[in-house]
Amino acid sequence: MHEDNAVAWFCTYTPLEILDASGLTPVRHFGDPGSLESADSFLHPAICPYVRACLAAAIAGGGPHHAVFVNSCDGMRRLYDAWSDRFRDDFVYLVDLPRNPGAGSERLLAREYKRLMRELSHSWGREITTGGLLEASHAREERRLDYLRACEGIYGAARLRLAMEAHTRPPGDVLPEASEGGGNHGAPVLLTGNLLNPAGLVSSLDRAGASVAWIDLCNGDRAFASPTLPRGDDVDGLLASLARSYLDRHPCARMSEPERRYDLLVERVRSEEARGVIYASLKFCDSYLYDFPRVQKRLQEEGIPLLRLESDYSDGHVGQLLTRVEAFLEML
Amino acid sequence: MSLVEDVRDRFTGRLTPATVHSKVFWKAVESLARSPLNRPQWKADRVSLTYFIKSTREAYLGRGPVVWCNLLVPSELVIGMDCIPFYPEMAAAVVASAGLAPRFIDRATEVGFSQDACSYHRCMLGCAVDGFMPRPDLLLAVNYPCDSAPLSFSYVSDLYGAPEMVLDVPLPGREEGNALLAAELEEAARVLSGFSGYNDSRMRKGLAEAIELSNQTLAYLHEIEELRKRDDCTLDGKDAMGGISVLSGSMGSRAGKDYYRLLCEELKQRGCAGEDAIRLMWMHLKPWYSQGLFDTLERYGARLVCEEYTHSCWEPMDPRDPFTSLAAKVGGHFLVGPVERRASYLASLAEEYRLEGAIHFNHWGCRQSCGGAQLVKQALQEKGIPTLILDGDCVDEREYQEGQISTRLEAFLESLR
């Protein structure tokens, strides 16, 4: 039976409501972007740098070693592999995640949640009740709404840091005041991609004078864009509803239904009155590497200017990007 | 001169999309395949070559519903529904072996695909963008072994306006996992039967026939695997690895059965190849454009007695219960789920084949194989099997440093002597 309650999580498809309802403290792991190389003896350098940064930090002793992973991409699966091999005495669990929408996928995912509950109960000896799951779900929804209120008027790196705080702090904690609001005097743009380091590429957008008004990243606004509050009279009903909500939320590029994602992106550009889109993704993330040409095509059709940037998560090279970003902003 | 070299010499530089979609081109390819110029290593190779040329020709000429499949899509499902299975990852290997991959990889880069993505898929995408691929009626992808296929198929789906289906294989060990996958496979079969005009009873009959043939094929494959466990087996991995296309693309066909039957017979006939070779396993796939590594292996008296991707890993299926059986075949594959399954499967092969060493070819951009290589190596080393990891690229010859790789391979082989 484990005694320490902190559990690391990585992917925004992690059902935090269930971890909360188990009395655990889920903490999102962002890794150490500065020490990627120390993961090289476990993971090939051509694997997602976020994944390698998380492993590097964990090996160095950072963050909880109990961890819940989601089977969302090759990178996450490989991190689970390395983590479960390295931390054999800890609770290390992989939750499946279908790509497709529909009743079969909802059923599969609801069963996954139930299985996770059983495993948590086995490892920590705590049963999840209907009331407990509902309460945890409401607290998560409150956190989501808190974030959406708190991020108003906050841009760029400051906004991304705030989102990361909202991920990491327990739902009951008050969110900190956002630091300086980032670049909010330049052209409003929308940032889309997978996951970025606020101290790296995103800061360089601020420095170049962009007002990043919406951060469509998995460590940014996207994670708070859709409610996941379940409805139901018992645990099974709540899990079924939760599964439906997670499959229906604003998707990442790994999921099926790309057209829906492009529609949401374009809608967001319009609603934020963004004048352009910056597509920035971590290297070696296949979901976003294969997605770019279609995003480019759709935005061209919509007449929305687009700039593509790439990040290695540590972003030692961001100075070199400034000129490109400045030129893009001038064009807007 | 090999067939691919001949095709390359005749057509490179003059290939256009219209050429590969023309009857004249395929007539020429078929006549080259039959000519004395084409001297396959094994009699069985002629069977597979004839089958794939015919099947690919039918796909390019649009003579039936074309279904693009990735590696783990069971061909029995497609063949049983009288559709034409087309495995573009295998097609990329053929393009690479003909020395044409760089042109198409560069085309994919121009369109916006990153150089950090798998070159099998970039090559395939470049071919598709330029109109060199057969038009799909459906793209059918299993969500394993890697993310690349569902993602690149999604692009192709948009490019051709053809639907894509992704089969979500549940993680191993899940209650009802097989039933959920069986339901997905049945749904796919119903889409395919719509193309063929099959009713329910014809659909089941078609699947039963394909599964019967697949089972018979599997029996020959098992026999071959037993033969290869002997010290004196003459079949080397450099030849056997090409069989990946047979294993993935022709199970459920008569040609697949004939291929393994003939191979089995010829192996028995050829008999002893000497008993003193260093017995090695090859993991992932090979560089399709170069034989250099295999020349080095031969020089050092090493033989590839077993390969990760050309080994059977499923049980005979029940023709009366096709979807449950096919689900068990797909869901039970060692590439589904966490790497520990792959690692323990490879470690068990190491024992069965009495390996003295193993080589893992790290194909650039393959998060599945590169990502798991260290844990595979660890599992093999725990069994006392020295393991070499070689970084390279199966498809893009420009990313292949022959000298550097050979030096590492030679040092490894020296250590095994």
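Eight cavities of 30 Å³ or more turn up in this structure, which is a predicted model. The largest cavity has a volume of about 400 Å³, and 31 residues line it.

**The largest cavity**

- Closest to the centre of the largest cavity are Cys73(A), Asn194(A), Cys218(A), Cys252(A) and Cys285(A).
- Helix 2 (49-59), helix 3 (74-86) and helix 10 of chain A are the elements giving two or more residues to the lining of the largest cavity.
- Sorted by class, the lining of the largest cavity comes out as 17 nonpolar, six polar and eight charged residues.

**The second largest pocket**

- The second largest pocket holds about 570 Å³ of space.
- Its lining is made up of 34 residues, and those nearest the centre of the second largest pocket are Asn100(A), Pro101(A), Ser256(A), Val166(B) and Asp168(B).
- On the chain A side, helix 4 (103-124), helix 9 (258-271) and helix 10 (286-302) each put at least two residues into the lining of the second largest pocket.
- Chain B does likewise with helix 9 (148-160), strand 4 (164-167) and helix 10 (177-196), each supplying at least two residues.
- The class tally for the lining of the second largest pocket is 17 nonpolar, seven polar and 10 charged residues.

**Helices 9 and 10 of chain A**

- Helix 9 of chain A and helix 10 of chain A also pack against each other, at an angle of about 45° and with axes 11 Å apart.
- That angle makes helix 9 of chain A oblique to helix 10 of chain A.
- The crossing of helix 9 of chain A with helix 10 of chain A is right-handed.
- From helix 9 of chain A, the contact takes in Pro258(A), Glu259(A), Arg261(A), Tyr262(A), Asp263(A), Leu265(A), Val266(A) and Arg270(A).
- From helix 10 of chain A come Asp291(A), Arg294(A), Val295(A), Arg298(A), Leu299(A) and Glu302(A).
- Counted by class, this contact between helix 9 of chain A and helix 10 of chain A has six nonpolar, no polar and eight charged residues.

**Helices 5 and 6 of chain A**

- Helix 5 (residues 130-150) and helix 6 (residues 156-168) of chain A have axes that come within 10 Å and cross at roughly 165°.
- An angle over 145 degrees counts as roughly antiparallel, so that's the label for helix 5 of chain A against helix 6 of chain A.
- Helix 5 of chain A goes past helix 6 of chain A in a right-handed crossing.
- Where they touch, Arg143(A), Tyr147(A) and Ala150(A) of helix 5 of chain A meet Arg159(A), Leu162(A), Ala163(A), Glu165(A) and Ala166(A) of helix 6 of chain A.
- The residues in this contact of helix 5 of chain A with helix 6 of chain A are five nonpolar, no polar and three charged.

**Helices 8 and 9 of chain B**

- Over in chain B, helix 8 (residues 119-129) and helix 9 pack at an angle of about 5°, their axes being 11 Å apart.
- Helix 8 of chain B and helix 9 of chain B are therefore roughly parallel to each other.
- Helix 8 of chain B brings His121(B), Met124(B), Leu125(B), Ala128(B) and Val129(B) to the contact.
- Helix 9 of chain B answers with a set including Phe153(B), Tyr155(B), Val156(B) and Leu159(B).
- In the contact of helix 8 of chain B with helix 9 of chain B, 10 residues are nonpolar, three are polar and no residues are charged.

- Tyr144(B) and Pro145(B) are joined by a cis peptide bond, with omega about 5°.
- You'll find Pro145(B) in the loop between strand 3 (138-142) and helix 9 of chain B.
- Glu273(A) isn't a glycine, yet has a positive phi of about 55°.
- Look for Glu273(A) in the loop between helix 9 and strand 7 (276-282) of chain A.

Methods
Residues numbered from 1 in each chain as written. Chains lettered and ligands numbered in written order. Predicted model: local features only at pLDDT ≥ 70, side-chain atom pairs only at ≥ 80, totals over all residues. Heavy atoms only, no water. Axes fitted to C-alpha atoms, helices over the stretch in contact; angles between N-to-C directions. Helix = DSSP H or I, 4+ residues; strand = E, 2+ residues; numbered from the N terminus. Parallel < 35°, antiparallel > 145°, perpendicular 65-115°, else oblique. Left-handed = near helix turned anticlockwise from the far one by under 90°. Contact = heavy atoms within 4.5 Å. Nonpolar A, V, L, I, M, F, W, Y, C, P; charged D, E, K, R; others polar. 1 Å grid on protein atoms, 1.4 Å probe; cavity = no way out; pocket = protein on both sides within 12 Å on 5 of 7 lines; lining within 4 Å. Points joined across faces, edges and corners; volume = space filled by probe spheres on them.
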